Amino acid sequence: MTSIREQLQSAQQFRTAVRVYKEQKISEDDLKLILDAAWQSPSSVGMEAWRFIVLNNEAVKEELKPISWGAQYQLETASHIVLLVAEKNTRYDSSTIKQSLERRGFTGGEEMDLRLQTYKEFQTRDLEIADDPRALFDWSAKQTYIALGNMMTTAALMGIDSCPIEGFDHKEVDHILAQHGIITPNTEGIVTMLSLGYRLRDPKHPHSRKPREEVISVIN
């Protein structure tokens, strides 16, 4: 029987950025498991200021192609496209932060006030983002990459290929998604896309990384 360690090592070697997929659909059960990996992912202060949108609408995909240079083939051939969307107003006193506390059992009063004060200091003193709308969006957008990695790893463990995509006009994509009622542009915006499916062919180039000792160090 293959150990968990061996399965993880195999999945890490298997995963590569796939741009062209064959005509094979991911099963609903497998897709659900991949999406659950995103849903169950951690985020800073537990805010979950994100949404994961499975885009099956072919008309919308066609509209996205001209402004998505990094997703041309994936939009055409992938079994599924997932849009990772982040909230814009994630300030310490926002409803998003308060709701995250309520989900964890903080229903109000002094306990919630103390936690909100901690978050205020975190955003104003440590991160210096509290009064910068763009920085607040960037902070929430960074959290989506945790979910992105978890989805890709989960997919790889099941022999499903993926490719994270940032190569598109973010402003124009937001505009198209808003026109179709997919996002609310005043409160959220696109961060990345993720294509999922089964590779049409093996990659031209071998799996390669920098030497391990260049990127990993231990300080005793």
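How many helices and strands does the secondary structure of the protein chain contain? The chain comes to nine helices and four strands, where helices (H or I, at least four residues) and strands (E, at least two) are DSSP runs numbered from the N terminus. This is a predicted model, in which local features need pLDDT of at least 70 and side-chain atom pairs count only at pLDDT 80 or more, while totals for chains, interfaces and linings use all residues. Residues are numbered from 1 along each chain as its sequence is written, and side-chain values use heavy atoms, with hydrogens and water left out.

**Overall architecture**

- From the N terminus on, the order of elements is α-α-β-α-α-β-α-α-α-β-α-β-α.
- Taken along the principal axes, the C-alpha atoms fill a box of roughly 55 × 55 × 35 Å.

**Helix H2 against helix H7**

- Helix H2 (residues 28-39) packs on H7 at an angle of about 150 degrees, with the axes 8 Å apart; axes are lines fitted to C-alpha atoms, for helices over the stretch in contact, and angles run from 0 to 180 degrees between N-to-C directions.
- H2 and H7 are therefore roughly antiparallel to each other (angles under 35 degrees count as roughly parallel, over 145 as roughly antiparallel, 65 to 115 as roughly perpendicular and the rest as oblique).
- H2 passes H7 in a right-handed crossing, meaning that the near helix is turned clockwise from the far one by less than a right angle.
- In this contact (heavy atoms within 4.5 Å), H2 contributes Leu 33, Ile 34, Leu 35, Ala 37 and Ala 38, and H7 contributes Ala 147, Asn 150, Met 151, Thr 154 and Ala 155.
- The contact of H2 with H7 has eight nonpolar, two polar and no charged residues; Ala, Val, Leu, Ile, Met, Phe, Trp, Tyr, Cys and Pro count as nonpolar, Asp, Glu, Lys and Arg as charged, and the others, Gly among them, as polar.

**Helix H5 against helix H6**

- Helix H5 (residues 95-103) and helix H6 (residues 109-126) pack at an angle of about 130 degrees, and their axes are 11 Å apart.
- That angle makes H5 oblique to H6, and the crossing of the two is right-handed.
- Ile 97, Lys 98, Leu 101 and Glu 102 of H5 meet Met 112, Arg 115, Leu 116 and Tyr 119 of H6.
- These contact residues divide into five nonpolar, no polar and three charged.

**Pockets**

- The largest pocket holds about 530 Å³ of space. On a 1 Å grid over the protein atoms alone, a pocket is an open set of points where a 1.4 Å probe fits, with protein on both sides within 12 Å along at least five of seven lines, and lining residues have an atom within 4 Å of a point. Grid points are joined across faces, edges and corners, and a volume is the space filled by probe spheres set on the points.
- Of the 20 residues lining the largest pocket, Thr 16, Ala 17, Arg 19, Pro 203 and Lys 204 are the closest to its centre.
- The second largest pocket holds about 310 Å³, and of its 15 lining residues Arg 134, Phe 137, Asp 138, His 170 and Ile 190 are the closest to its centre.
- Helix H7 (133-157) supplies seven residues, the largest share of the lining of the second largest pocket.
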